[in-house]
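Student: Could you take me through one part of this structure in detail? I'd like to look closely at how the pieces touch one another, with a bit of background on the parts around that.

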Amino acid sequence: MNFLRKIFEETGKFVEEGKPLSWAYPVWEAADTIFFSTNKQTSKGPHIRDNMDIKRTMFFVVIALIPCYLFGAYNIGYLNALAMEIDRGLFANTIFGFTYVLPILIATFVAGAVCELTFAIIRKHEVNEGFLVSCALIPLTMPPDVPLWQVFIGTSFGIIIGKEIFGGVGTNIFNPALTSRAFMYFAFPTKISGDKVWAVGPDGYSGATALAIPANPVEYDTASNLFAANTQFDFSTMNMFWGLIPGSIGETNKLFILLGAIFLIYCGIASWRIMVSSVLGLVFTALLFNLLNYFTVDGILLAGGSPNAMLTITPLQHILIGSFLFGTVFMATEPVTSSHTNTGRWIYGFLIGVLTVIIRSINPAYPEGVFLAILIMNMFAPLIDYYVVQANIKMRLSRHV
Amino acid sequence: MQKITIKKGHNINISGLASREFTNAPTQKFVSLSPQDFNYIKPKLLVKEGDHVSLGDALFFDKINPDVKWPSIAAGTISKIIYGERRTVLDIIIEIDENDEKNSDPISERNLSSREDVKNFIQNNNLWPFITQRPFNKVVDPNDSPKCIIVSLADSSPLANDLSFSLEDKKNHIVSALSNLKKLTDGDLYVAVRGDNFSFLSDHDFIKLIQVEGPHPSGNIGVILNRVNPLNQNEVVWTVQGSHLPILGKLFSDGIYDFSSNISIGGPSVKPSYFKSRIGARFDLYKDSLLMDNVRIISGNVLTGKKVNLDGFLGFYHSSFSVIEESFIRPFVGWLHPGGKSKYSVFNAYLGSNKKSYDFTTLQNGSNRAFVPVDAWEKVFPMDIYINALARSIEANDIDEMEQLGIYECDEEDVALCSFVCPSKSDVGAIIRKGLDTIYFDK
């Protein structure tokens, strides 16, 4: 340990102010404080500080994602075995999955680190650990067979356009991980537009994801019946909860996402208000659509137009299919881009739930709506906060007659 | 009696709380009055080194408001005046002459029947510095008329001097001080107490007693005012330190200057105790109680106090010293630490974290980072103010918005816990002070 400490102290001399290598100080500082916690002291009051810092906060989000990684890898192997009609076993399935997940993860982290460090050096700010969370999130939103060069470009776009051009962590408007997801969605639609099956199979292997089934039915029926009629995958409620269905790497197992949510809420890192309110918003809108699809006036559906199977998806199915839970727990709660007031958080979350169902059900182009819903609400979060704060200002003015 | 319960906040369980008993210590030979303890003044000295001063003699006055003069807190000789950069006066050190103090004559002119009489008495005896105001947390302008006066006897800060113990035998003087302070305002005189302490005050109708409950900062006057009588724009509230009440009381009722004060010393690196001491006391008399060498001595509490040297003095508004270890440790991958007794956090981020009595050090426990709003400030800030929005308006230098968001109700001490919990290690108190400064110098 002393040896390592010595290395840092010796190399630190090269990056001191005034030395030719001083531009590399942020990189040195990042490495130095990863290995040895800073001994920076308080200078004035408060003379004592809590033991929680941003490094640990961000690290905890990464911990919460580890179960999703493990299951995602297993699921890739499981679905592959299913398609190849072989039996491989739990361990071998997971290893098989990791041969797909690890390259994506490495590509993401390389792209993320290059962007973050470059900007830290140019802007002379310290490396913010927030990029670790963004980079840990991006692979979980990808299909397993995504080309690595696309991952590399997508991640760079997310970090630079989603975060750095707005001034870095703390001042960004859009969630960087979602920005990169959205970029890839529109830039490389053949790979991840969401309606083709997201699993690794033999050449020419195809099928429909859970969301695509009611979106493009051969013949109109309720979503539940359509799910039941699908013979390729088991889209029963239980199976969708356990996550043995095709989808993004991290989104399928709902149990592990919920465990991550409980962990983050318990630690006080993520806002439970956003999670609860977005589920409420989703349930409310889904029920409303169920009702609209049920009632007819003179033989015409209240929802209008031809019968839409998406309107028959029950609230529970909405929660279980696609990446709603994953987005709500890990993306919508990102503290910088969500609302900053508690009242605002309720509204922000609720509208994410509402928009998710609207985009999924009514918009014919995209079967998945979560990431768009969150990005749209990222944009409106400052506006929500503005009105919440204005209410406080009015209260204060009214008191002062 | 009004009862208020504060829910948001946090009692930091730092070790080294003094038990309710006194330890003997030698009597003070030196005291100091530091102009640095007072915000927004321009001191002009009236004494020089070697001068002899009596109790209550004016030491300096404020060039901005020449009516406000600072009293000598001891009788004796000015032994040293310490200057800082650009000849700012840091300390006026007085060598105490005990005989002089004993032989001082009581003030004979003590007509305190009307408001003007009380004001004149305070003016003639240089007592204005004992009365401070909100907003800005500065010595009052004698020409203001406060909308109410508030005194907190319920200090909730970590290792606070327990006034129910240290003011135990001074009931009469407390009542005398309060009854005369009441004459200074047409509004109410609020006194905040905790539990059944100071129950004798409920016999007096002129006092509006407020019973506060809940964690720190529930004892701060800013927080209490926010609940009972919020401070609006262009309003002024006056306040007196609870520990100063007996001093004022003794002057009002007996005409005697008595700057003795019971102080507490606490913290993980010291043997905690109460001492019979006086205002402006020097720390070195108590250095025997230090448990280690490498310590930071803080005049006041660990959240808002001021760092002083071993031979430093107690601040004018402080009634306790806190001592913590100066630590330079760099733990290997500290952010990965599973937990245990060496970690204290209001987040549930460490296994088996020690929240009973923790030996805090001066470590910041993390690097400064861009602010990430993880709802930490809001959990320990009990006022109906959007502190995050307020901080941003201050950074943007938007005076109108600062006023609208309620900056006048805040002071550094009210947001000290926000800085304590902030994972980005922001100094919220400095931001609030910056905002108050901007407004103060704008007017």
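Tutor: What follows starts with the contact between the chains and then moves into each chain.

Keep in mind that this is a predicted model. Let's take the place where chain A and chain B meet. The contact draws 47 residues from chain A and 57 residues from chain B. On the chain A side, four helices each put in at least two residues: α2 (25–35), α3 (54–84), α12 (254–267) and α17 (370–399). The top contributor to that side is α3(A), with six residues. If you sort the chain A side by residue type, you get 17 nonpolar, 20 polar and 10 charged.

Now step back to chain A itself. Its secondary structure comes to 17 helices and two strands. The radius of gyration of chain A is 23 Å, close to the 21 Å that the globule rule gives for 401 residues, so chain A is as compact as a globular protein of that length. Along its principal axes, the C-alpha trace of chain A spans about 80 × 75 × 35 Å. Of the 401 residues in chain A, 52% are buried. As for contacts in chain A between residues at least 6 apart in sequence, 70% of them join residues at least 24 apart.

Over in chain B, there is a contact inside the chain to look at too. Where they touch, domain 1 of chain B provides 21 residues and domain 2 of chain B provides 17 residues. On the domain 1 side, the largest share is four residues, and these come from helix α5 (residues 221–228) of chain B. By type, the residues on that domain 1 side are 10 nonpolar, eight polar and three charged.

Three strands form an open sheet in the order β3-β5-β6 (chain B), paired antiparallel. At its edges stand β3 (43–45) and β6 (69–71) of chain B, each with a single partner strand, so one side of each is left without a neighbour in the sheet. From one strand to the next, the twist averages 30 degrees. Zoom in on β5 (residues 58–62) of chain B and you'll find that this strand pairs with β6(B) in the antiparallel sense over three bridges. B:F60, for instance, has B:W70 in β6(B) as its bridge partner.

Technical notes:
Residues are numbered from 1 along each chain as its sequence is written. Chains are lettered from A and ligands numbered from 1 in the order in which they are written. This is a predicted model: local features need pLDDT of at least 70, side-chain atom pairs count only at pLDDT 80 or more; totals for chains, interfaces and linings use all residues. Two residues are in contact if their C-beta atoms, placed from the backbone, lie within 7 Å. Ala, Val, Leu, Ile, Met, Phe, Trp, Tyr, Cys and Pro count as nonpolar, Asp, Glu, Lys and Arg as charged, and the others, Gly among them, as polar. The radius of gyration is taken over C-alpha atoms; the globule rule is 2.2 Å times the number of residues to the power 0.38. A residue is buried if 20 or more other C-beta atoms lie within 10 Å of its own, exposed if 12 or fewer, and partly exposed in between; C-beta atoms are placed from the backbone. Two strands pair if DSSP finds at least two bridges between them. Axes are lines fitted to C-alpha atoms, for helices over the stretch in contact, and angles run from 0 to 180 degrees between N-to-C directions.
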